[in-house]
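Here is a short report on one protein model. Look over the sequence and the structure before reading on.

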Amino acid sequence: MVYFNYLTNPFNPNKGRISKVLPEKQTIWQIIKSQKVDLSHPTVCFVNGVAKLRKDWDMVLHQKSVVSFVALPLGGGGKSSNPLQVVLMVALVVATVYTGGAVGTAYGTMWGAVAAAGVSVGGGILMNTLVPTPKPALNGMTSSSLTQSPTYSLQAQGNEARLGNPIPVIYGRHLIYPDFASQPYYKYINNEQYVYQLHCIGQGEYDVEQIRIEDTPISSFEEITYKIIPPGGKNTLFEEDVITSAEVAGQELLKDQITGPFVLNPAETVINKIEIDVAFQRGCYYANDNGGMDNKTIQWRIDARRIDDEDNAVDDWFTLGSESITSNSHNAMYKTYTYSVATGRYEIRATRLDTKDTSSRAGHEIRWGSAKGYIVSDKNYGNVTLLAITMRATDNLSQRSSRMVNCIVTRKLPIWLPDAGWSTPVATRSIAWALADILKSNYGAKLADKNIDLEALSLLDRTWNSRGDTFNAVFDSKLTVYEALSRCAKVGRAIPFIQGGIVRFVRDEPKTVPVAMFGPRNIVKNSLSIQYIMPSEDTADSVCVQYFSEKTWKTSEITGSFNGSTSDKTATVELFGCTNKEQALREATYMALANRYRRRIVTFSTELEGLISSYGDLIAITHDMAKWGQGGEVVEKRGLTLSLSEPVTFEDGQTHYVALRKKTARYQDRMS
């Protein structure tokens, strides 16, 4: 039989490899034809590890021959680039000096070897920190953030309109103070003030667990009516696209004095309804000689005219309404008057029609409280979830508390299943599907499924679910897609990387089976280097993780340490997206241990064999410079006796292992 390997995509070694067992006594050309090897791109053929030119492809392959076809990568270096020489820089660290050590036990024993060689391994090797420790930062700020996050701000939280800033994207379960989707406005009905607020919870769909005013559930306020509007829904509680004139601000109206004119709506907008609020703050009455109240009347007029976008008059002034009020009450009164108008842009003015009674016995004052225009527009907010609220002013609600609306929400995301594809959106706190959403969404990278390693995310999702690792965060400041990916993956002890045009993820976790073996035969001469990172007096041996607690919804912290660490050498980092105390402690301890033991970094260069392993793979290595194991070429085999090209020494009283590598450079077996 003949062992056939076809590496169709050297940038995707996990999926781009075809391996088969074929009948012997075939030529290379016959195998190419039967296995449909694509020769339209430069392809190298190896037979038993030796490259064969096309003139030799008529040779007949005999029993146990290993024939491999490797499609070469192209471009990227100009005329001086050599696509045959692909350099892999692998960062390694020695976890322990002996395989019986505590860290070696935790991460498994790794075996070093060279091609078809017998090796005795004397130590464990661990990939260097795959997940960089996050830099100290406060309140969700990043190097690329252009504005400070209101969610994680140390300042007082509340609702506000953040014009020109990103619409928040929420993952997992979190408390938020939703931004205004439009400016709130007020009106009076039966002398009672109502406020109308439209909030934007965030992009996408959410399961709203609770709505509160500060710390009190909204159900405790009978004077509040609300509606959750899913993406694509309509607000049926009130008209939200309302502009309030900034110039009208409580001016007193007097006879024969025109107040205004004031432009009501901005250029390139049109309105079809105007509302005027007037206030009688001293009431409307006359105190008679008997100690009673006589009626008084107040009259006024509101005028309007259409203008163009350059503020030039289009029509003459016309009267919106001539109004009057008669009362004998000394209590403050507030009224709202609504007028329908032809669609257009308007300016307005007001004047009083009667003479004000200025005596101390009379309450005879009128003030122009506000002017509002209802803009005609297509109210399409896109793929966002909205919250519409109507509040009636009472003793329970103050001006401040009306802007302290907050929600506890859980993001709904589709989940990818290997056999079924994407599901309908469900409430989830998964790290994996948050990563997928960042890559697929319109506010993210806008990638297709083929550019995302969804199978790896599905496997990682199982791991994270079994550990109870979740990602709960609010992205409400500008940052890059890669930075968002990194911060999300960091909570799961993972890191993103791009390989062959596909975004992949690897988690820092124990691995026991190496995917490739490297030694003096396939390490570029003089490329091996070892860097020792020595601890200093300032080196931290414990880590304090700052996280946003799901219990208090405030920043909290917890310290992870190990036996022998001291509390006076503590590094503080922010773990963005972590809201669980137990998860924060696990990650703090992990960072502290990684900082303690990962202090020997090894780099080397290899050539085409570097395509066998991927980022985060476990590899085995032996080298005489560092005395990591012993190795040599197998030059002869007699029964169970192997003759090597290099001398090896086995010491009594120790357990020795022999690791063999196939001619395809894959790990084959080990013996004790």
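## Strand 2 and Val21

Helices (H or I, at least four residues) and strands (E, at least two) are DSSP runs, numbered from the N terminus. Val21 sits in strand 2 (residues 17–22). Val21 is exposed, at 52% relative accessibility. Here exposed means over 50% relative accessible area, buried under 20%, and partly exposed in between (1.4 Å probe, protein chains only).

Val21 and Val2 are 19 residues apart in sequence. In space their C-alpha atoms are 5.7 Å apart. Apart from neighbours within four places in sequence, Val21 contacts Met1, Val2 and Tyr3. A contact means heavy atoms within 4.5 Å.

## Source and confidence

This is a predicted model: local features need pLDDT of at least 70, side-chain atom pairs count only at pLDDT 80 or more, and totals for chains, interfaces and linings use all residues. Residues are numbered from 1 along each chain as its sequence is written, and side-chain values use heavy atoms, with hydrogens and water left out.

The predictor's confidence in each residue is its pLDDT, from 0 to 100. The chain averages 82, and 84% of the residues score at least 70. Strand 9 (residues 124–127) has the lowest confidence, at a mean of 25. Strand 32 (residues 426–427) has the highest, at 97. Over residues 75–130 the pLDDT is below 50; this stretch still has 164 contacts in the model beyond near neighbours in sequence.

## Aromatic pairs

The whole structure holds 22 aromatic pairs. Rings of Phe, Tyr and Trp (its six-membered ring) pair if their centres lie within 6.5 Å; planes under 30 degrees apart are stacked, over 60 edge-to-face, and the rest tilted. Trp57 and Phe69 pair edge-to-face, 6.4 Å centre to centre, with 85° between the planes. Trp57 lies in the loop between strand 5 (50–52) and strand 6 (60–61) and Phe69 in strand 7 (residues 65–71), so the pair ties together parts 12 residues apart in sequence.

Trp57 and Phe69 are both buried. Phe548 and Trp553 form a tilted pair, 6.4 Å centre to centre, with 50° between the planes. Both are buried.

## Cysteines

How many disulfides are there? The count is 0, taking a disulfide as a pair of cysteine sulfur atoms within 2.5 Å. Cys284 is buried, at 0% relative accessible area. Cys544 is buried too, at 6%.
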